[in-house]
Amino acid sequence: MTDTNPLSAGPLPPGTRAPDFTLQSAPDKSLSLSELRGQPVILAFYPADWSPVCGDQMTLYNEVLSEFEGYGAKLLGISVDGAWCHAAFAKHRNLHFPLLSDFEPKGEVSRRYGAYRRKDGFSERALFVLDRDGIIRWSYLSPLTVNPGADGILRALEALATQASPA
Amino acid sequence: MSRRQGAAQLTPPVTARDHVQGPADAPVTLVEYGDYECPHCGRAYPIVKAVQKLMAGRLRFVFRNFPLREVHPHAEHAAEAAEAAGGQGKFWDMHDRLFERQFALDDENLIEYAAELGLDVERFAEELAEGVYAPRVREDFRSGVLSGVNGTPTFFINGVRDDDSWELEPLLAALEEAVVASR
C-alpha cells in the first residue's frame, strides 16, 4: 500500500488523517511525523533544491519562519533530493528548518500525499497544514512554476488558532 | 477549500503611510515589494524608472520593503536606511541611491549616502543603530507575506499580483492594459 493515490487525483484533502512517515532529515538523522503530534505542522513538498532564483519558495519560508512559529507550527520541506544535497542547500541558503529526503523508495511519501509527478520523477509544489492531532486542515497544489507564497499557510494557521481557542 | 481562490491581492491597500510617486488619482498603481540587496530588484530598478517615464501622469508607484535577511545580510539595514531617510523627507533619494550602489551597502556606506544626500547624519546613524525603523520594515514584510509576495521583486498592479514577466515590454503592456480596464 505505497500508493493510495494512483491516479494523482490531487493532494489529500482537508479532513484526512495525514499519513505518518519517517524520512531522513540529515545524513545521520531521521524524523517521524508522529513525533510532532501536539503542534500544527506545515508540510511543503517542492520539486527540487537549488532553484535558481533568489526568492525561491524555501528561501521565502525561511524568512517567514518566525511568523509560522508564532502559531507554534513546525515547518518541514520535502523533496526527492538526497540528504547530502539537502544539507548543502540548507547551508547555502541559511535555512533554519528541516528538509526531508523522500529519496528511498523515491517519492513514496509524496505519492501518499497525492503530491508526486510520476512522469517527472519529483514532488509537486504542494502544501499541507496539519492540526495538532495530525489531521490535514488545508491543502493546496500550486502550478509547478508558481511559487505559492506563504499567505495561504498563514491563513490556515490563523483559522486553526481561532478554532482551537474560540473567542 | 483545497484551492486558493483568485489571484493574490494586495493587503493592506495603498494608504497614506506608503511611499508614493505619481498622482494620487492615476488610473494605475504599481506596487513593488523589493529588497535593496536583491540583484533581481536591482535589475528591475531601471525598468520601473522607464515605465514611470513612459506613463508619466498615468502611473502611481509605491515601494514596500521585503528584505530577505537570511540570504542578503545588508538588506534589512538598507531598508531601514531608506525609511530613516524618509523620516527626513528623502525616501526616494535614498531608494535610488541604494539601488544604484547595490554593491556597497555596509553601514558605513549607508551613512556616507546620508551625508551625500544632505541628511542630518547624526540622527540618521543613531536611528539606524537603534533600529528605529525596524518595526516599519517588519510591517511591510508582513503585509507582503499576507499579500502573497513570493520572492523579490513582486509587483502588484491595481492590487493584484502580477505573475508575468517584469521586463520592460510585458510590464508596460500589463500597465497599459490596467489603464484600459480602469475606464
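# A tour of chains A and B

Start with chain B, which reads β-β-α-β-α-α-α-α-α-β-β-α along the sequence. That makes 7 helices and 5 strands; helices (H or I, at least four residues) and strands (E, at least two) are DSSP runs, numbered from the N terminus. This is a predicted model, in which local features need pLDDT of at least 70, side-chain atom pairs count only at pLDDT 80 or more, and totals for chains, interfaces and linings use all residues. Residues are numbered from 1 along each chain as its sequence is written, while chains are lettered from A and ligands numbered from 1 in the order in which they are written.

**Chain B, whole**

Color by pLDDT, the predictor's confidence in each residue, from 0 to 100. The mean for chain B is 94, and 96% of its residues reach 70 or more. Now select residues 1–5 of chain B, where pLDDT stays under 50. The model has 8 contacts beyond four places in sequence for this stretch. Where pLDDT is low, the predicted coordinates should not be read in detail.

Zoom out. The C-alpha trace of chain B spans about 50 × 40 × 30 Å along its principal axes. Of its 183 residues, 44% are buried. Here buried means 20 or more other C-beta atoms within 10 Å of the residue's own, exposed means 12 or fewer, and partly exposed lies in between, with C-beta atoms placed from the backbone. Two residues are in contact if their C-beta atoms, placed from the backbone, lie within 7 Å. Among contacts in chain B between residues at least 6 apart in sequence, 75% join residues at least 24 apart.

**Helix H4 of chain B**

Select residues 107–116 of chain B, helix H4. B:Leu110, B:Tyr113 and B:Ala114 are buried here. They lie on the same side of H4(B), because their arc around the axis is only 105°; the arc is that of the directions from the helix axis to the C-beta atoms. Turn to the other side of H4(B): B:Glu108 and B:Ala115 are exposed.

Next, show what covers the buried residues of H4(B). The cover includes H2, helix H3 (91–100) and helix H5 (121–130) of chain B. Then step to B:Gly118, which follows H4(B) and has a positive phi, near 75°.

**The largest nonpolar core**

A nonpolar core is a set of buried Ala, Val, Leu, Ile, Met, Phe, Trp, Tyr and Cys residues joined through C-beta atoms within 7 Å. The largest has 87 residues. Select those with the most contacts inside it: A:Ile42, A:Leu43, A:Ala44, A:Phe128, B:Ala78 and B:Ala81. Helix H2 (residues 75–87) of chain B gives the most to this core, with 7 residues. In soluble globular proteins, nonpolar side chains tend to be buried together.

Center on B:Ala81. Leaving aside neighbours within four places in sequence, B:Ala81 is in contact with B:Met94, B:Leu98, B:Leu110 and B:Leu128. B:Leu110 is one of the buried residues of H4(B).

**Across to chain A**

Chain A has 4 helices and 9 strands. Its pattern along the sequence is β-β-β-α-β-α-β-α-β-β-β-β-α. The C-alpha trace spans about 45 × 35 × 30 Å along its principal axes. Of the 167 residues of chain A, 45% count as buried.

Select A:Leu43, in strand S3 (residues 41–45) of chain A. A:Leu43 is buried because 25 other C-beta atoms lie within 10 Å. Beyond its neighbours within four places in sequence, A:Leu43 is in contact with A:Leu76, A:Ile78, A:Phe128 and A:Leu130. Draw a C-alpha to C-alpha distance from A:Leu43 to A:Leu33: 9.8 Å, for residues 10 apart in sequence.

Then go to A:Glu158, in helix H4 (residues 151–164) of chain A. A:Glu158 is exposed, with 12 other C-beta atoms within 10 Å. A:Arg125 is 33 residues from A:Glu158 in sequence and 22 Å away in space, C-alpha to C-alpha.

**Last stop: the interface**

Show both chains. The contact takes 20 residues from chain B and 25 residues from chain A. On the side of chain B that touches chain A, helix H1 (39–55) and helix H6 (134–147) of chain B are the elements that give two or more residues. H6(B) gives the most to that side, with 3 residues. The predictor gives the complex an ipTM of 0.79 and a pTM of 0.87.
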